[in-house]
Amino acid sequence: MANFYTDNDALNFHLNHPLMEKIVRLKEDDFKEAKKYDQAPLDYEDAIDTYDKVLEIVGDICGNIIGPNAESVDQDGPQLVNNEVIYAAGTKHNIDALTQSGLFGMSLPRKYDGLNLPMVPYVMAAELVSRADGGFANIWGLQDCAETLHEFADEEIMQEFLPRINKGETMAMDLTEPDAGSDLQAVQLKASFDEKSNRWLLNGVKRFITNGDADISLVLARSEEGTQDGRGLSLFVFDRKDGGMKVRRIENKMGIKGSPTCELVFKNAPSKLVGDRKLGLIKYVMSLMNSARLGVGAQSVGIADAAYREALKYAYEREQFGKAIIKFPAVYEMLTSMRVRLEASRSLLYETCRYVDIYKALSHISTQRPLTPEERNEMKYYQRTADGFTPLLKLFSSEYCNQITYDAIQIHGGTGFMKDFPVERLYRDARITSIYEGTSQLQVVAAIRAVINGSYLKRIREMEAVKVKPELEGIKRQLVELTARYELAVKSVTELNDGEILDFHARRLVEMAGYIIMTYLLVNDSMRDDKFEDSARVFLNIAVSKFNEAESYIQNFDIEDLALYKKESFESKTE
Amino acid sequence: MYICRSLLTKSNQYYLFMSLKIVVLAKQVPDTRNVGKDAMKADGTVNRGALPAIFNPEDLNALEMALTIKDKVPGTEIIILTMGPSRAAEIIRESIYRGADRGYLITDRKFAGSDTLATSYAISMAVKKANPDIVIAGRQAIDGDTAQVGPQVAEKLNWPQITYAEEVISVNSSTIVIKRRLERGVETVECKTPVLITVHSSAPECRARNASRMMTYKHARTATELQEEVRDYTELYNQRPYLELEEWNVETINADTNCLGLSGSPTKVKKIDNVVLQQKDSMVLTDSDKDVELLMVNLISSHVVG
């Protein structure tokens, strides 16, 4: 009986992070609900024990149902029948098992039949589901949309929709259109208020919608006639039962094939406004995207974990030249480097989740009572830090996921290129992670702000101020040196006062900050468990060489050369 | 059997509502599936301390069968009976997380040393006290592998039994139709209740635990467990009396102590032989055509295939 949670110590390690006590206390509002709900934890230890047990259930279902179903789901895929999506049999089986175990609506409050889990254990569940089947993780993970309803919709909408999530109803976020992908301000799907029936009607087309035929969908639509930008967009909730929406096609994708990516046509589809008009994109979707990015972070870590395990197993089993291939430096170097990149992205994932947990819990409390000045500052601090860390997480975890699945195939050699082993599917599934919910390039656009406004540097300095044990002093000295060089590099680019040059070097600067931050996180992990010390050392080796590469590119770059790059791209466009 | 007739005013039709009481017999066993060197003691008995205690796998199939009946017949009550030391209460909690209604731990020092005959006697007395319509058990436990307890309990109750059950085809207030998995095929049988059923591992696997039920019942303890508990449960148990798991001892089930423990157990282990598979019993083959052919020739000549 495989269990993806109990065979992975790292999750329990992150679940017991010292900051969790604060998170749980805020989330449970000093354990007041224990009087009202028999499911509520009595105290901190009880809460952690509950999360641990919930994750054990998730790990059980992932190891024994979702994982074993992944191959057939990838092969069968969803079907379009009479403009409706029919899931693969395995997908249906997965949903039934998770519903039966009450694992939909995990982060929703108890009054809407949720489990009231903080982000940390919820995202851990997402990591586990992704390790079992990265494509299915989308269908399950879209329960995030319920969080957006909970945050912004009025009570009536919440009462109507939220208790349905726990019953296994699925969700979708209908944002992109044929001409509005990365640029969501260009959304054209029209929402018009019908005075007669006293409701909003949706008309238009959505494209590339994950799980588009969901029971409940959040739809971004233009409610303000005559507007052209993001300020004319509002968010609506659409109930499939009400009709008016058809699935025109399911895309034939390279990976995550079990997750139906749909083109939708809305024709006078009735819907309800979420929150206020005009805030659809600029407030609600931004928040939705942030949690979706955490979700992709979890998905990336999960897929990468699966690929690493497959590669490790194969490297032990496969013998060439009279010994297991793991004995060769070329192979063990790859495997170790895969593992430490996985660990670094996991540390970054849960660090970001902790920040999100604290500011979201405080923000929720602020709707019940005024926050104290300290609490308000704390909320602002964690929100700002989370805003910087989220794109960093999405960028690194998804790129690492791609690298790790690539290497996993490499370790399998010719066998990995065949469809006989799961790495082939993992490699295809990984590819989307650095594209959707904002490409890596767009994560850089978000993350560069934290470089410019000094938010990363501030957090690095805070980590620098923490005293470490003597064995880690050496790593820390190198990090202090890298930080000084990072500051110089940032200065050398920003003092040119040229937006285009800044954009040109942005990824390099963001990554330099990322390497320092991730190594610090592994140093922090080593403080709690010696096991991570080796990882911190190996990751530092990788970080330093990557850092040097970025730094050297910036240092040796002749501004005049920018014209060469431009010429290159413009010319190829006219060909 | 509890039957009530309820009037549905709208359709003005009578519907028969029935509810069944099912006892599931479950055992906590050492996990013998992945054993290490210290799995057996020098005297040839199982070293329980070295192996993790788990829910006997086929008893989980049995629980699933009971839950399936409950899905079909709402209002059905599922009661877990498990016999063992204090820590076996975990089996009851696990079952409740998966959907069982309640459970009793049959525990008493006087049971120590019971063989399958004495165990069956004790369980049959407990079943009488629980008074169910149907008893469902796993075919056998992975520690003893006797497959004797289920059938012996039925004998002592003087009930009919259906062994090797795989699927419930139909069930109503007085009869049950079961598909059995036999060596050379399947057999479908009908039987009047009360009946005892033992379930084969080919039956559907048990559904996973439900998170919300786990949260509700995780603090459920037997009186013995409560004594060892660090946390003070007094107030919590006053508010939530359902958390207390009942223990049944020899007196509760009205058992005759002469039929229990060593005195009630005619089985004596005389000698245990370790069977170690030698290398000579195995063949190493590559995936070459020559080796595959060799294998096929061997299999055909020994009548394994063909």
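**Hairpin in chain A.** I looked up the hairpin of β4(A) and β5(A): four residues lie between the strands, and A:N198 takes a positive phi near 60°. The model is predicted, so to speak of local features I need pLDDT of at least 70, side-chain atom pairs count only at pLDDT 80 or more, and totals for chains, interfaces and linings use all residues. Residues are numbered from 1 along each chain as its sequence is written, and chains are lettered from A and ligands numbered from 1 in the order in which they are written. Helices (H or I, at least four residues) and strands (E, at least two) are DSSP runs, numbered from the N terminus.

I then checked the pairing, where two strands pair if DSSP finds at least two bridges between them. Strand β4 (residues 190-194) and strand β5 (residues 199-210) of chain A are antiparallel and share five bridges. Across from A:K190 I found A:N203 in β5(A). On to the next partner: β5(A) is joined by eight bridges to strand β9 (residues 261-274) of chain A, and these two run antiparallel. A:I209 has A:C262 in β9(A) as its bridge partner.

Is A:F193 buried or exposed? My cut-offs: a residue is buried if 20 or more other C-beta atoms lie within 10 Å of its own, exposed if 12 or fewer, and partly exposed in between, with C-beta atoms placed from the backbone. A:F193 is exposed because 12 other C-beta atoms lie within 10 Å. The residue sits in β4(A). I also took its C-alpha distance to A:P109, which is 84 residues away along the chain, and got 31 Å.

A:L264 belongs to strand β9 of chain A. This residue has 27 C-beta neighbours inside 10 Å, so A:L264 counts as buried. Which residues does A:L264 contact, leaving aside neighbours within four places in sequence? Contact here means that the C-beta atoms of two residues, placed from the backbone, lie within 7 Å. The list includes A:D174, A:V205, A:K206, A:I209 and A:M245. For A:P370, 106 residues from A:L264 in sequence, the C-alpha to C-alpha separation is 43 Å.

Helix α3 (residues 44-76) of chain A has a kink of about 45°, centred on A:A70. The bend at a residue is the angle between axes fitted to the seven residues ending there and the seven starting there. After α3(A) comes A:G77, with a positive phi near 65°.

**Chain B.** I counted eight helices and 14 strands in chain B. Its C-alpha atoms fill a box of roughly 75 × 55 × 40 Å along the principal axes. Of the 306 residues in chain B, 34% are buried. Among its contacts between residues at least 6 apart in sequence, 68% join residues at least 24 apart.

Next, the sheet. In chain B, 10 strands form an open, mixed sheet in the order β11-β10-β9-β12-β8-β3-β6-β7-β14-β13. Its edge strands, β11 (185-192) and β13 (221-222) of chain B, each pair on one side only. Helix α3 (residues 116-130) of chain B packs on the sheet, touching β3, β6 (77-83), β7 (102-106), β8 and β14 (244-248) of chain B, and its direction makes about 150° with that of β6(B). Axes are lines fitted to C-alpha atoms, for helices over the stretch in contact, and angles run from 0 to 180 degrees between N-to-C directions.

I followed strand β3 (residues 21-26) of chain B in both directions. Four bridges link β3(B) in parallel to strand β8 (residues 134-138) of chain B, with B:I22 opposite B:I134 and B:V24 partnered by B:I136. Six bridges, also between parallel strands, tie β3(B) to β6(B), where B:V23 has B:I79 as its bridge partner. How many of the six residues of β3(B) are buried? Five of them are, and the strand is mostly covered.

**Between the chains.** Last entry: 11 residues of chain B are in contact with 14 residues of chain A.
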